[in-house]
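Thanks for making time this morning.

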Amino acid sequence: HKSLSDTWHVLACYPVSPINEEYVLVNNKCQCVTVTSRFVPSKENPDEEVLERNIRIIVPLKARENISDPLSPLRTTFVYRLSELCKNCDPVEIDLGGAIHQAQQGNSCEEPQTCYTYDRNQCYSSPVPLLFHGQVNQVPAALTPASCLAE
């Protein structure tokens, strides 16, 4: 028996039900990757369905090594690992035997993710010099203002 504080891990990157529609499994704005899947008729046996997975990667050609530093060198290496893209670290509540439990949909959620572009849902800032009363101070400036300002 698990208590509410226990964490359950739910396997990700597969569709929940076998209906012939496309499922968005991953929409990683940080690395510009979308993974979808759907069941399609098998080419070998039309009476069977197979799972088709589509991976769309948009490579941001002018991305910097450090996306928060416009003076850092251009990024020349992009690494994509399906196992990392499929991890979903957002907690969800699931009902197990009439009791509500917190479930974590991914493993290794403590490790930071390398972003190749801004995830517009996150706040990014960079220090900028500000001259105030004759003194120059470094203050954080929002690089994604809509995500940094409270509504």
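How many helices and strands does the secondary structure of the protein come to? There are two helices and eight strands, where helices (H or I, at least four residues) and strands (E, at least two) are DSSP runs numbered from the N terminus. Please keep in mind that this is a predicted model, in which local features need pLDDT of at least 70 and side-chain atom pairs count only at pLDDT 80 or more, while totals for chains, interfaces and linings use all residues. Residues are numbered from 1 along each chain as its sequence is written, and side-chain values use heavy atoms, with hydrogens and water left out.

Reading from the N terminus, the order of the elements is β-β-β-β-α-β-β-β-β-α. Of the 151 residues, 23% count as buried, meaning under 20% relative accessible area, with exposed being over 50% and partly exposed in between (1.4 Å probe, protein chains only).

Now to the salt bridges, each a side-chain nitrogen of Lys or Arg within 4 Å of a carboxyl oxygen of Asp or Glu, of which the count comes to two. One of them joins R38 and E52, whose closest N and O atoms are 3.0 Å apart; R38 sits in strand β3 (residues 33-41) and E52 in strand β4 (residues 49-57), 14 residues apart. R38 is partly exposed at 33%, and E52 is partly exposed at 26%.

The other joins R75 and E65, with closest N and O atoms 3.8 Å apart. Both R75 and E65 lie in the loop between β4 and α1 (82-85), so the pair ties together parts that are ten residues apart in sequence. Here R75 is buried, with a relative accessible area of 11%, whereas E65 is partly exposed, at 37%.
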